[in-house]
Amino acid sequence: QVQLVESGGDLVQPGGSLRLSCAASGSIYSDYAMGWYRQAPGKQRELVATIGSSGSTNYADSVKGRFTISRDNAKNTVYLQMNSLKPEDTAVYYCNVRRQITSAVSIDYWGQGTQVTVSS
């Protein structure tokens, strides 16, 4: 089992910055992919950014150039640095760890979510 605990969500003004953290515990291995998703009210959960075990990253177009995902394998922690925040970034942000079983089968673990609100 994997447990994920997010932190860092807050109320911030447009143009501001926040750094989210997600600490993983349990049966976690460095070859797991880690990422962040978000869900705004009335909308489906969407991918924000992912980072593979080798450090390769993937971002949603809406956050490219503003958000940076990173990971510290020694601490089993993934981070999301969010700059130039916009009101449309307001959402609950969820940490994700994906264990790839086969090329077609994976197991996802989720954190409880942390609220990010961008408003003046």
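Four strands form an open sheet in the order β1-β3-β8-β7, with antiparallel pairing. The edges belong to β1 (2–7) and β7 (67–72), each with a single partner strand, so one side of each is left without a neighbour in the sheet. This is a predicted model.

- Strands β3 (residues 18–26) and β8 (residues 77–82) run antiparallel and are joined by six bridges.

- The structure holds five salt bridges.
- R38 meets D89 in a salt bridge, 3.0 Å from N to O; D89 sits in the loop between β8 and β9 (91–100) and R38 in strand β4 (residues 33–39), 51 residues apart.
- R66 also forms a salt bridge with D89, with the closest N and O atoms 2.8 Å apart. R66 lies in the loop between β6 (57–59) and β7, so this pair ties together parts that are 23 residues apart in sequence.
- E46 and R38 form a salt bridge with their closest N and O atoms 2.7 Å apart.
- D89 is buried at 1% relative accessible area, R38 is buried at 6% and R66 is buried at 10%, whereas E46 is partly exposed at 37%.

**The cavity**
- The largest cavity has a volume of about 40 Å³.
- Its lining comprises 10 residues, with I28, M34, R71, N73 and N76 nearest the centre.
- By type, the lining divides into four nonpolar, four polar and two charged residues.

Methods. Residues are numbered from 1 along each chain as its sequence is written. This is a predicted model: local features need pLDDT of at least 70, side-chain atom pairs count only at pLDDT 80 or more; totals for chains, interfaces and linings use all residues. Side-chain values use heavy atoms; hydrogens and water are left out. Two strands pair if DSSP finds at least two bridges between them. Helices (H or I, at least four residues) and strands (E, at least two) are DSSP runs, numbered from the N terminus. On a 1 Å grid over the protein atoms alone, a cavity is a set of points where a 1.4 Å probe fits but cannot get out, and a pocket is an open set with protein on both sides within 12 Å along at least five of seven lines; lining residues have an atom within 4 Å of a point. Grid points are joined across faces, edges and corners, and a volume is the space filled by probe spheres set on the points. Ala, Val, Leu, Ile, Met, Phe, Trp, Tyr, Cys and Pro count as nonpolar, Asp, Glu, Lys and Arg as charged, and the others, Gly among them, as polar. A salt bridge is a side-chain nitrogen of Lys or Arg within 4 Å of a carboxyl oxygen of Asp or Glu. Buried means under 20% relative accessible area, exposed over 50%, partly exposed in between (1.4 Å probe, protein chains only).
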